[in-house]
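Me: Can we go through this structure together? I'd like to start with the ligand.

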Amino acid sequence: MKAAVVSSFGAAPRYEEFPAPVPGGDHDTVVDVLAAGLHPRVRSQATGSHYTSTGDLPLVPGIDGVGRGPDGLLRYFVLPDTTLGSMAEQTLIDTRRSVVLPQDSDPVAVAAVMNPAMSSWIALRQRISFHAGQDVLVLGATGNAGQLAVQVAKLFGANQVIAAGRSADRLAALPALGATATVRLGGDDAATRLGQAAGDVDVVIDYLWGPPAAAAMEAVITNRADESKPLTWIEIGSVAGPVAAIPSAALRAARLQIVGSGQGSVSPREIVAELPGLAQAITGGTFDVDARTVPLADVEQAWADAASTPRRIVLVPGA
Ligand SMILES: NC(=O)c1ccc[n+]([C@@H]2O[C@H](COP(=O)([O-])OP(=O)(O)OC[C@H]3O[C@@H](n4cnc5c(N)ncnc54)[C@H](OP(=O)(O)O)[C@@H]3O)[C@@H](O)[C@H]2O)c1
């Protein structure tokens, strides 16, 4: 079969022949892949830099997707850490890590949105006790996951949703998605503006980490009207850097709790538990979807484009 194949961690995947999968375990099934999202997590998988990387090559990238099995059912699936990912004509799924979709679902929309939406959906449902009426800051709200975090927080009943991000254009679109305020990151007065807008939030959903997260933490903590009010900081992404210098005073001067949410801190069982509800929200049209479809055969070009396009690229075998 044809697949996107990574033969060296320094190079983009190439469209090549790869051995077709053979089912082994009781819950295994081979699906024809209809759509697979090119998420940041997939790019780090393909460079061997993700914290789950085993270093095994060659590998087919892709951590999730939408496919149809021999039973004719349409499924969204999440793959384990394996060298046969979803960017192939066929892949091997464990049906226990999948959810059956309505037959008229749009595979591209589901493949584009599940991963970025899952980041905040699972964090708010599985990593903390979020409840309606709480105020949320989304740090890094201009990316795909950040835009969806604004929508997920609103869906879960957040009171204020403050969206902070770098791109002025993309920030401007966020009130229509549910943001009650926006803060542009950058410039000498960014910390002051962030502190004024978000000093009293209950929860921070952080996609940035790195220096902007450390600066934002200081801005929020030094602007709290009530220092004893709990503040939960959920670390989800690290687009601005893998390390953040957290001032020790931040942990003493406010009731700050820092938690992470991702593969490892959330178990496969907890992830699977959230798939039906999230899939239903996506297929029901709850979220704004901005995807670009690219034929799997053009995977090298898709890789080159991924760093510069804000739209989520979805690879489609057979297109
Ligand atoms: N833990 C999980 O469960 C989970 C799940 C999904 C994603 N993630 C992680 O979440 C992060 C975001 O994912 P995504 O799908 O939203 O990626 P994305 O669509 O590529 O968006 C990334 C955004 O990051 C912003 N950015 C990059 N560098 C920045 C900086 N120095 N300061 C401020 N903003 C910066 C850019 O915004 P501008 O346009 O404003 O420059 C860009 O739009 C990634 O690290 C991803 O791996 C984690």
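**Ligand, pocket and chain**

Reply: A polar side-chain atom of R170 sits 2.3 Å from an oxygen atom of the ligand. Keep in mind that this is a predicted model.

Me: How much of the ligand does the protein bury?

Reply: On its own the ligand exposes 920 Å², and the protein buries 79% of that.

Me: What about R166 and S167, how far are they from an oxygen atom of the ligand?

Reply: For R166, a polar side-chain atom lies 2.9 Å from a ligand oxygen atom. For S167, the atom is a polar backbone one, and the distance to an oxygen atom of the ligand is 2.8 Å.

Me: OK, and how many residues are around the ligand, and which come nearest?

Reply: There are 20 residues around the ligand, and T142, N144, A145, R170 and R312 come nearest.

Me: How do the residues of that shell divide into nonpolar, polar and charged?

Reply: The shell around the ligand has seven nonpolar, 10 polar and three charged residues. Helix 2 and helix 3 each supply at least two residues of this shell.

Me: Switching topic. How much space is in the second largest pocket?

Reply: About 190 Å³. Its lining is made up of 14 residues, and N144, Q147, D288, V289 and D290 lie nearest the centre of the pocket.

Me: Which helix gives the largest share of the lining?

Reply: Helix 3, with four residues. Helix 3 covers 144–155, and along with helix 2, at 107–127, each supplies at least two residues of the lining of this second largest pocket.

Me: And how do the lining residues of that pocket divide?

Reply: Seven are nonpolar, three are polar and four are charged.

Me: Let's zoom out. How many helices and strands does the protein chain have?

Reply: Nine helices and 15 strands.

Me: Why call the chain as compact as a globular protein of its length?

Reply: Its radius of gyration is 20 Å, close to the 20 Å that the globule rule gives for 319 residues, so the chain is as compact as a globular protein of that length. The C-alpha trace spans about 60 × 40 × 35 Å along its principal axes.

Me: Now the backbone. Which peptide bond is cis?

Reply: The one from L57 to P58, with omega near -5°. P58 is in the loop between helix 1, at 40–46, and strand 4, at 64–68.

Me: What about W209, is its phi positive or negative?

Reply: Phi of W209 is positive, near 50°, in a residue other than glycine.

Me: Where is W209?

Reply: W209 is in the loop between strand 11, at 203–206, and helix 6, at 210–221.

Definitions and conventions:
Residues are numbered from 1 along each chain as its sequence is written. This is a predicted model: local features need pLDDT of at least 70, side-chain atom pairs count only at pLDDT 80 or more; totals for chains, interfaces and linings use all residues. Side-chain values use heavy atoms; hydrogens and water are left out. On a 1 Å grid over the protein atoms alone, a cavity is a set of points where a 1.4 Å probe fits but cannot get out, and a pocket is an open set with protein on both sides within 12 Å along at least five of seven lines; lining residues have an atom within 4 Å of a point. Grid points are joined across faces, edges and corners, and a volume is the space filled by probe spheres set on the points. Ala, Val, Leu, Ile, Met, Phe, Trp, Tyr, Cys and Pro count as nonpolar, Asp, Glu, Lys and Arg as charged, and the others, Gly among them, as polar. A residue is near a molecule or strand if one of its heavy atoms lies within 4 Å of it. A polar contact is a pair of N or O atoms within 3.5 Å; within protein, one must be able to donate a hydrogen and the other to accept it, and residues adjacent in sequence count only if both atoms are side-chain atoms. Accessible areas come from the Shrake-Rupley method with a 1.4 Å probe; for residues, only the protein chains shown count as cover. The radius of gyration is taken over C-alpha atoms; the globule rule is 2.2 Å times the number of residues to the power 0.38.
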